[in-house]
Amino acid sequence: MLLLPLPMRPDWGPEMEWPYPGAPAASVAELAGHPVAGLPFFAPETVTSDHGAVYKSHHFVQAAATLGIDLLPAQAMRPPDKAACERAFAGIQSLLLELLLGYRGIDVADRGANLEGDASWTPSEMEHLLATWIVKVFTDRELCCP
């Protein structure tokens, strides 16, 4: 399966280009046919998941099979089996979600009575915000404990 690097978005500057060690950015952009964004663009070989219904669904299993991804279920009640994923989600929660208008906590009971009035995001706006955050903050920050 051939996967190409993702293109830069119109409002992204040169600081958000993907750094290719050992390959000039101009050569990579020429091969891809567009300036290359600093977003991951390859499919993983294996995905380790917990036992949530979404990860056992036919759609998820079929999508993984189509992309040639092996599914490896973690042991039940063992977050260390997927520590990198747990840390990434903690980083997203503490570095991005808590800063968004309308965020009231991870517990539905803490989210207030008027979420619709506080803020609303379309799926495309949220995807763009997340992609921009991944390139500007997440990939440039050490997210593990020293």
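Reader: Hi! Which side chain meets Glu86 in a salt bridge?
Author: Lys82 does, with N to O at 3.1 Å. A salt bridge here is a side-chain nitrogen of Lys or Arg within 4 Å of a carboxyl oxygen of Asp or Glu. This is a predicted model, where local features need pLDDT of at least 70 and side-chain atom pairs count only at pLDDT 80 or more, while totals for chains, interfaces and linings use all residues. Residues are numbered from 1 along each chain as its sequence is written, and side-chain values use heavy atoms, with hydrogens and water left out.

Reader: Thanks! Is Lys82 buried or exposed?
Author: Lys82 is buried, at a relative accessible area of 11%. Buried means under 20% relative accessible area, exposed over 50%, and partly exposed in between (1.4 Å probe, protein chains only).

Reader: And what about Glu86?
Author: Glu86 is partly exposed, at 35%.

Reader: How many salt bridges does the structure hold?
Author: There are 2. In one of them, Glu127 pairs with Arg9, with the closest N and O atoms 2.8 Å apart.

Reader: Where do Glu127 and Arg9 sit?
Author: Glu127 is in helix 6 (residues 123–136) and Arg9 is in the segment before helix 1 (25–32), so the pair links distant parts of the chain, 118 residues apart. Helices (H or I, at least four residues) are DSSP runs, numbered from the N terminus. Glu127 is partly exposed, with 42% relative accessibility.

Reader: New topic: which residues is Thr132 in contact with?
Author: Trp12 and Met16, leaving aside neighbours within four places in sequence. Contact means heavy atoms within 4.5 Å. Thr132 is found in helix 6 and is buried, at 15%.

Key: Helices (H or I, at least four residues) and strands (E, at least two) are DSSP runs, numbered from the N terminus.
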